[in-house]
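Subject: Structure handover

Hello,

Please find the structure below. My notes on it follow.

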Amino acid sequence: MPQSNDTNRRWVLAERPKGEPDANTLRLETADMPEPKDGEVLLGTEFLSLDPYMRGRMSDAPSYAPPVEIGEVMVGGTVARVVASKNENFAEGDRVVSFSGWQDYAVSDGTGLIKLDPNMPEPSWALGVLGMPGFTAWAGLTQIGQPKEGETLVVAGATGPVGATVGQIGKILGLRVVGIAGGAEKCAHAVETLGFDACVDHKADSFAEDLARETPDGVDIYFENVGGKVLDAVIPQLNTNARVPVCGLISQYNATSLPEGPDRMNWLMGLILRKRITMRGFIIFDDFGHLYQDFAREVGPWMQEGRIKYREEMIEGLEQAPEAFVGLLRGEAFGKRVIRVA
């Protein structure tokens, strides 16, 4: 069913998944078109961002943000058009970045809406390299990674929207950049298109040995967004005073139990102590939201100059969102995954 002018399709959380989300996790509903009241705007979704953090919001385990309640619309960042306005700060036709979720239409009082330049050639990029993922990459690397020219940066998820941007900024700042990605095609893209110095395939049986070979001087900065066996291979390579920005652990999001094998927490803590490693998790807008304009001023020109390349995976139709999201969690995405709703 395509988007219409009088009904609202909405993906709502039907049940909390145990492990990977399945066909029972989300339910597609239709409802009447919402109507804005005084001070509000009606938003028509054009693009929906798919991001790994959404898996955490399906769970009711303690986290940095409240979970989506059963029967509520699934959360998500969007680019939307103002369809009708009763708010003096927004006019019909304005395009905005919002957080209106997995649905065709939403009402907002304007809080948190960011107007986009009407001449922006690729509005969906506001959900990727010029939005939250790009900001995450820039802030994590510059504020926690504290890069110094000539150092070695290793980037997990190297061809994803965050990792690809981290690595390219690292090159601009004079670092040696080694990516980690799943498969020969993604590794070739990291080197040949994104300009990484090397990329290691984490699906290879020789992954740990390959990573050690590509980091002969050790690792000064490790940008973490995968965890699991990738983290296991990187840890022995960390140098004294290494910095580890942690923005995600996608390999663990569907886990229902602790990993097999001995508890290595004491070993890791000892390594952090002996090597004086800084390992810091961050939530981008909570921790660095005040730096967004600095990010835009620095990264915007790099995009215009062609110094940062960006790959987007556009998927047609809101009805495809659940399957596309599961694929994202499985590592099937190649670039930033976006749903074209309208």
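Which strands does α4 lie across, and at about what angle does it run to β10? Helix α4 lies across β9 and β10, at about 170° to β10. Angles run from 0 to 180 degrees between N-to-C directions, with axes fitted to C-alpha atoms, for helices over the stretch in contact; contact means heavy atoms within 4.5 Å. Helices (H or I, at least four residues) and strands (E, at least two) are DSSP runs numbered from the N terminus.

This is a predicted model, in which local features need pLDDT of at least 70 and side-chain atom pairs count only at pLDDT 80 or more, while totals for chains, interfaces and linings use all residues. Residues are numbered from 1 along each chain as its sequence is written, and side-chain values use heavy atoms, with hydrogens and water left out.

Sheet

The open sheet has six strands in the order β10-β9-β8-β11-β12-β13, with parallel pairing (two strands pair if DSSP finds at least two bridges between them). Its edge strands are β10 (198–201) and β13 (278–281). On average, neighbouring strands are turned by 15° against each other, direction ignored. Strands β11 and β12 (residues 238–246) are joined by two bridges, and Val219 stands opposite Leu238 in β12. Helix α5 (residues 207–214) lies across β8, β9 and β10, at about 165° to β10.

Core

The largest nonpolar core has 34 residues; Phe135, Trp138, Leu153, Val166, Phe288 and Val299 touch the most other members. Such a core is a set of buried Ala, Val, Leu, Ile, Met, Phe, Trp, Tyr and Cys residues joined through side-chain atoms within 4.5 Å. Buried means under 20% relative accessible area, exposed over 50%, partly exposed in between (1.4 Å probe, protein chains only). Helix α2 gives the most to this core, with six residues. A second, separate core of 24 residues includes Ala156, Ala233, Val234 and Val246.

Rings

There are 11 aromatic pairs in the whole structure. Rings of Phe, Tyr and Trp (its six-membered ring) pair if their centres lie within 6.5 Å; planes under 30 degrees apart count as stacked, over 60 as edge-to-face and the rest as tilted. Phe135 and Trp138 are stacked, 6.3 Å centre to centre with 25° between the planes. They are about one helical turn apart, because they lie three residues apart in helix α2. Phe135 is buried at 0% relative accessible area, and Trp138 is buried at 5%. Phe223 and Phe282 have ring centres 6.5 Å apart and planes at 80°, so this pair is edge-to-face. Phe223 is in strand β11 and Phe282 in the loop between β13 and α8, 59 residues apart.

Regards
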